[in-house]
Structures are given as structure tokens and as C-alpha cells.
Amino acid sequence: MTELNISILEQKFQEKIDNDIKIEPRDWMPDNYRQTLIRQISQHAHSEVVGMLPEGNWITRAPNLRRKAVLLAKVQDEAGHGLYLYSATETLGADREQTIDDLHSGVAKYSSIFNYPTVSWADMGAIGWLVDGAAIMNQVPLCRCSYGPYARAMVRVCKEESFHQRQGFEIMTTLAKGSPEQKEMAQDALNRFWWPSLMMFGPNDAESKHTEQSMKWKIKRHTNDELRQMFVDATVPQAELIGLTIPDKDLKWNEETGHYEFGAIDWAEFWEVVKGNGPCNKDRIDTRRRAKEKGAWVREAANAYAEKRRKRKAS
Amino acid sequence: MANKEWPLWEVFIRSKQGLSHKHVGSLRAADADMAIENARDVYTRRSEGVSIWVAESNNLFASNPNDADSLYEPSDSKVYRHPTFYEVPDGIEHM
Amino acid sequence: MNALFEYLIRLGDDSLIIGHRLSEWCGHGPVLEEDIAMTNLSLDFIGQTASLLKYAGEVEGKGRTEDDLAYLRCDREYKNILLVEQPNGDFGMTMMRQFLFDAYRKLLFERLVNAKDETIAAIAEKSLKETKYHFKHSSEWIIRLGDGTEESNRRVQDSLDTLWRYTSELFYTDAVDAELIAAGTIPSMEGLEEDWEKSVGEVLSEATLTIPTNNWKQEGGRKGMHSEHLGYILAELQYMQRAYPGLEW
């Protein structure tokens, strides 16, 4: 294709985006758009799947039958969401197995929040409330993303996730109203998960290399800082309501702007965790890799059996 | 064989009797039985369906989006196919 | 001893412990789709546990809830069969355990839907729907693995050889069953074992697997005498309730 042709195609493509016409899998799209989407959606899928592990850590120790069922259903949803999202990447020509191998080899990234350990039951509350809360802030605008399959997957994900944050907040509320040791457990979880949750929105806008192009393509609808602010504004009153303290001495309400001001994020920590130096990075990837390796004979057997059955049918 | 990924299947779900099956997404499965069961477990966890179709993705054939002009636009001008094209005198209600 | 209470505890503990074992898989399945499927199985069993133990608590009449019964008994008071507490092993071991158990559960619930005790009949009716699916799912996997590759055949045959010794306990009966059957609370279980042998035999044969000739049998769970594995299951299951007694979560 000549450069002129490509520039016309790109112009038409951008016109569709500007007019809020969704892009579908077989439509022409710029290579960069395709690659950006594959990167973003697969990161998102990996985050869902790796995100099963910190909560999975407490399934067998959940304190009662109701909590155990809820936690299982939630972690199961995360597997489902990973699957919807891998499906969306496959519409762009990415192969699921290759995508997953990229995760296991460290080429692909996932949300760094899942590299923190879950050390108490209260962490199940903090993750649902804060981590899912932050994820929802990110995800709701993605339901209007310009790429059809991603937008549709996100509609489904958001619908299903509505219970995730609630169950987390319910756990926190129960603990905050409970015995002194329960309240302490809840506060400790909030202390540990607050700052990593703010980091979930990614670097400040000035540092974010993908934001501008992604906004132009309507893959992204809000900047990292806008979403982070929305999250802080929504969450601070919830903490106050249940009598927990946000671990930020600089946090204060600004009457003029109508927003909370909050303290500086430790970006050095963020980049260390992204680079692989968080407390659980190695465990998480090793666990996923092991699951895949241990399942290899199963996947192979199912293929072999399907093949035999096809042959028997044919003969 | 060792590293062969299971085939990709497209999943269609009838949400209730009387409605047609609608595409909901895809999954991987080694055979059709497994694809149906996986579809049940993945796509109907919240009672979204009463019937499932699965089809191996490489058995689906799609129209080419580049042909969209010639495939779909010619019907735009055939307005006489729609009832609103016709004038009905006042006083006629159910037609 | 209250026979009905004891009977409900036995059924409830089977569900509790196998549900717990399945939940250990969450996040570690051989593919994402099967991870989701096993979690669905686990959730069905947790639901059954809640219904059965809730009713057991009512029958006992001492104010114990389903959670009290699930989380606050001592090892010897758990009455599940040994099969369900066996470790997950590889995916083939888990599916074999599931298959042997599902085949029994399906036949059991098919009988219990006719129980004169209305609560048992209602629980059985709901559970039967779930169990039919479990049985279909596990049977299909046994066939795939048995008739798959040489390696998968060897692995799943090993699993069958390991687990076979725990299958006679599926049909364990004592005064508890006799009393309930005599009173008409639950129907007769005549033919249960034969039906199980037939349905299991059909699938194993299609899977090209061989039923072990070693007929040595391990029993004890129904009387509270367990393998070493149960203690560790309870250590995790009961951790929160034991470490922080008497709190709401």
C-alpha cells in the first residue's frame, strides 16, 4: 500500500473515531492502534488472572461458608474476565498462548498491585473495596472504548464487578464495627493497600507516554490523574463513614476545587514493583507458570482424544 | 501436538425462550462437548442463558468490511420496503 | 444418638470437604476455562454444605448454625468419607476422585428425592441437578484422559489405583441408615452399589482404564476415623474461627 493510501485510510479511521463509530475486528486500523490495544487488553487480562492469586490465598481460610462462597465467586469472576479479555485480544490476531507466554517470560506487564502480599483476612476487604474500586474507575469509561470487542467485554466485566467492591466494603465495615483486634486488622489493611491502590492509575499525566495518543483514539477517556482524583474523592468519605483513617497526613478537602488534596506518591516504589522487585512478583509469575506447566499433559491429552474421535467418526 | 493450543470457539447464547441466540464471546476447548460445558461455566454464571451454540471460529465466514459500501448501501435507497413510505388516509387506524 | 442428625452430618461433611479440596484449585487450573469450571463445582458443594448442615443444626435443636458445625467441631466429629479428603494430586487425580464420588452422589440423590423427609427431598432435588452436571463433566474428563495420550492414560490409571481403596466406603451403612430407612425417613438404598459399579464401569471401560484387582478397602470416615490429611484441611478451614473465637466476619 502506498503512503498516500495509508494516510487516507488513517484519516478515515480517525473520522470514524471522532464520530464515535466503533472499530470492529476486520475493519482497517493503523498498526499502532492494533498494537496499543493488544498491549493494553492483554495487560488487563493478565491483571485479572494474576489478580486471582492474592485473594485465592485466603479461599481455604475464609471465616465462614458465606464469605468462602463469595470469595470463590469473586475470584472465579476474575478468571472469567481474564478470559473475556483474552478473547478480545484474539480478535486482533493475538494468540492467547503467545500472550500468556509473554506474561510468564516477563515481557508483558500486569497491574503492580497484585505483587503485594495478602497477610490477613482484612486484606480481602481492602482489595475488594480499594483495588476493585480503583479498577471500576478505570473500567467504566472503557465500556465506551472505540474498539468494539473491548468495549463489549468491559460492559460485561463492569456489570459483573458491581458486587466485588460491595463485598469488600462489607468485609471492611464488619471489621471496623467489630472487636478492637478486628478494627486494627482493617486499619492495617487500609494502611498497606491505600498507596498501592493510588498507584494503580499509573504515572502522573506528565510522565505517561501513552495517554495522549490513546485519548485521541478513544481507547482512553480520562487521564491517569483525573481517574486517581475521582477515586480519592469517592473513597475518603467511605473510610470516614466506617471510622477508618486514610494513611496520608497531607490529605485535606479543598473547598475551592471541590476535591481532596493528597500527599505525594512514592513513585520510586511504583517503578521498582513494575520492574519486578515487588514483594510477590516472583511468586505470582512462578505460580502461573507452574499452573501452565502442570496442565500441559492435560491439554495435550484432550487434543489427542479429540483427534482420535475425529478419526473414528471419519472411518 | 505437545504445544498445540485448543481450537477457538465462538459462543452464542439464547438468553430466554423466544429470543435468538446472540454472540457473547469466545473460548478455547478441545472438542464440542467441552466447548459447550466451558461456555456454560464461563458465560452463564449469572443465569444469562437457556441454550448455547458453539462453532469453531475457523468455520465461520465473514463478509469483508471493505465491501460494506457495495453490500449494504444499495438497500438504503429502497425506501419503499418500509411501511412509512406509504401514505394512509386519515381515519384508517390499523394498517 | 440422633440418627437424622448423624446422617445429615455425613452428607454435609462430604460436600464440605470435597468443596474445600476443589477450592484449592482456584487460580491453578490447567486452563482458565477449567479453573472456572472447578470453581463452579466447589460453589455447588459449598451451597449443599450450607443446606445440609443448617438442617442438621435444626434437627439437633441445640442452636448450632451451619457455620458452627462446619467450623467448630473437632477432627473426630467430622463424618465425611475418606475419599473426599484425599489430596488433589494432579488434575487427573482430582477428576478421578470427583468422578468416583459424583457417580455415587448422583445415584444417592436420585433416591433421596423420594425421601419422606421433605427437607431432605428438597435438598436432594436441587443437588441432583447440580450433580448430574458434575458427573457428566468428570466422566467426560476421565474418558479424555484415559483415552488421550500414553502419559495421560498412565497418570489417570495411577489415580484410579490409588483411589479405588476408598470406594467401598461410599456404601458404608450402619444403624444410622437402618433406623432412618426403617422409619421411612429416607428410602431404601437397595441396588445403589450395583448401579454405581455399572455406571462407573461403563465410563472406565470407554476410558480404556482397568479396575484394580486389589480389593483392599479403607474405611473409617463415617465413624470419625480419618486419614492424616483431614487435620491439615481443618487447620486451614478453622484457622480464623479458632484464632479469633466468637467474632462476626
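This is a predicted model: local features need pLDDT of at least 70, side-chain atom pairs count only at pLDDT 80 or more; totals for chains, interfaces and linings use all residues.
Chain C has 11 helices and 0 strands. It touches chain A through 48 of its own residues, which meet 45 residues of chain A. Salt bridges over all chains come to 54.

**Fold of chain C**

- From the N terminus on, the elements run α-α-α-α-α-α-α-α-α-α-α.
- The radius of gyration is 18 Å, close to the 18 Å that the globule rule gives for 249 residues, so chain C is as compact as a globular protein of that length.
- Along the principal axes, the C-alpha atoms of chain C fill a box of roughly 55 × 45 × 30 Å.
- Of the 249 residues in chain C, 62% are buried.

**Interface of chain C and chain A**

- The size of an interface is often given as the accessible area lost when the parts come together.
- Between chain C and chain A, the buried area is about 4,000 Å². Carbon and sulfur atoms give 68% of that area.
- The rule finds 3 salt bridges across this interface.
- A:Arg312 forms a salt bridge with C:Asp147. The closest N and O atoms of A:Arg312 and C:Asp147 are 2.7 Å apart.
- Polar contacts across the interface of chain C and chain A link 16 residue pairs, counting pairs with both residues at pLDDT 80 or more.
- On the chain C side, the elements that give two or more residues are helix 1 (3-23), helix 2 (32-60), helix 3 (66-71), helix 5 (91-112), helix 6 (118-146), helix 7 (150-163), helix 10 (229-237) and helix 11 (239-243).
- Helix 2 of chain C gives the most to this side, with 11 residues.
- By class, the side of chain C that touches chain A has 21 nonpolar, 14 polar and 13 charged residues.

**C:Lys136 and its two partners**

- B:Glu37 forms a salt bridge with C:Lys136, and the closest N and O atoms are 3.0 Å apart.
- B:Glu37 lies in helix 1 (residues 32-43) of chain B and C:Lys136 in helix 6 of chain C, so the pair joins two chains.
- B:Glu37 is buried, at a relative accessible area of 3%. C:Lys136 is partly exposed, at 41%.
- C:Glu140 also forms a salt bridge with C:Lys136, the closest N and O atoms being 3.1 Å apart.
- C:Glu140 and C:Lys136 are 4 residues apart in helix 6 of chain C, so about one helical turn separates them.
- C:Glu140 is buried, with a relative accessible area of 15%.

**A salt bridge within chain C**

- C:Asp195 forms a salt bridge with C:Arg111, and the closest N and O atoms lie 2.8 Å apart.
- C:Asp195 is in helix 9 (residues 192-206) of chain C and C:Arg111 in helix 5 of chain C, so this pair ties together parts that are 84 residues apart in sequence.
- C:Asp195 is partly exposed, with a relative accessible area of 33%. C:Arg111 is buried, with a relative accessible area of 15%.

**A salt-bridge network of chains A and B**

- A network of salt bridges links A:Asp77, A:Arg156, A:Glu160, B:Arg45, B:Arg46 and B:Glu48.

**A loop residue in chain A**

- A:Ser208 sits in the loop between helix 8 (180-199) and helix 9 (211-216) of chain A.
- A:Ser208 is buried, with a relative accessible area of 16%, which falls under the 20% cut-off.
- The side chain of A:Ser208 makes a polar contact with the side chain of A:Thr211, at 2.4 Å.
- Leaving aside residues up to four places away in sequence, A:Ser208 touches A:Pro203, A:Lys220 and A:Asn224.

Note on methods:
Residues are numbered from 1 along each chain as its sequence is written. Chains are lettered from A and ligands numbered from 1 in the order in which they are written. Side-chain values use heavy atoms; hydrogens and water are left out. Contact means heavy atoms within 4.5 Å. Buried area is the accessible area (1.4 Å probe) that two parts lose on being put together, summed over both. A salt bridge is a side-chain nitrogen of Lys or Arg within 4 Å of a carboxyl oxygen of Asp or Glu. A polar contact is a pair of N or O atoms within 3.5 Å; within protein, one must be able to donate a hydrogen and the other to accept it, and residues adjacent in sequence count only if both atoms are side-chain atoms. Ala, Val, Leu, Ile, Met, Phe, Trp, Tyr, Cys and Pro count as nonpolar, Asp, Glu, Lys and Arg as charged, and the others, Gly among them, as polar. The radius of gyration is taken over C-alpha atoms; the globule rule is 2.2 Å times the number of residues to the power 0.38. Buried means under 20% relative accessible area, exposed over 50%, partly exposed in between (1.4 Å probe, protein chains only).
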